[in-house]
Amino acid sequence: MINTMHQIGSSVGLALIVGVTGGMTHGVASYRQSLLMSTICAAIALVIIVFVVIPGEQRKNQLKLKH
């Protein structure tokens, strides 16, 4: 499931970046906008990892220790 989410997340992130910057004709503005979108996507992924994935792993490890 994690592999699938990595692939889907990468595809969706790239599609967002290309979609936002695809219509821009100025090279520098397009480059700046694509970097901004990449940073936003990375920040969202970091928040999801910190607040969803890590606590889930900790709960799973605690359940293993109890059994």
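Patches are made of residues with over 30% relative accessible area and no salt bridge, with like charges joined within 9 Å and nonpolar side chains (Val, Leu, Ile, Met, Phe, Trp, Tyr) within 5 Å. A salt bridge is a side-chain nitrogen of Lys or Arg within 4 Å of a carboxyl oxygen of Asp or Glu.

The model is predicted: local features need pLDDT of at least 70, and side-chain atom pairs count only at pLDDT 80 or more. Residues are numbered from 1 along each chain, and side-chain values use heavy atoms.

**Exercise 1.** State which residues make the nonpolar surface patch, and classify Ile40.

*Solution.* Leu36, Ile40, Ile44, Leu46, Val47, Ile48, Ile49, Val50, Phe51, Val52, Val53 and Ile54 make a nonpolar patch of about 1100 Å². Ile40 belongs to helix H2 (residues 27-66). Its relative accessibility is 37%, so Ile40 is partly exposed (buried is under 20%, exposed over 50%, partly exposed in between; 1.4 Å probe, protein chains only).

**Exercise 2.** Find the buried side of helix H1.

*Solution.* H1 covers residues 2-21 and reaches 28 Å from first to last C-alpha, close to the 28 Å expected at 1.5 Å a residue. Buried in H1 are Gly13, Ile17 and Thr21. Viewed down the axis, the buried residues of H1 fall within an arc of 45°, so they line one face. Residues three or four places apart point the same way because an α-helix has 3.6 residues a turn. Exposed Gln7 and Gly19 sit on the face turned away from the buried side of H1.

**Exercise 3.** Classify Ser34 and locate the backbone oxygen by its side chain.

*Solution.* Ser34 lies in H2. With 16% relative accessibility, Ser34 counts as buried. A polar atom of its side chain lies 2.8 Å from the backbone oxygen of Tyr31.

Notes. Helices (H or I, at least four residues) and strands (E, at least two) are DSSP runs, numbered from the N terminus. The expected span of a helix is 1.5 Å times one less than its number of residues. The arc is that of the directions from the helix axis to the C-beta atoms. Accessible areas come from the Shrake-Rupley method with a 1.4 Å probe; for residues, only the protein chains shown count as cover. A polar contact is a pair of N or O atoms within 3.5 Å; within protein, one must be able to donate a hydrogen and the other to accept it, and residues adjacent in sequence count only if both atoms are side-chain atoms.
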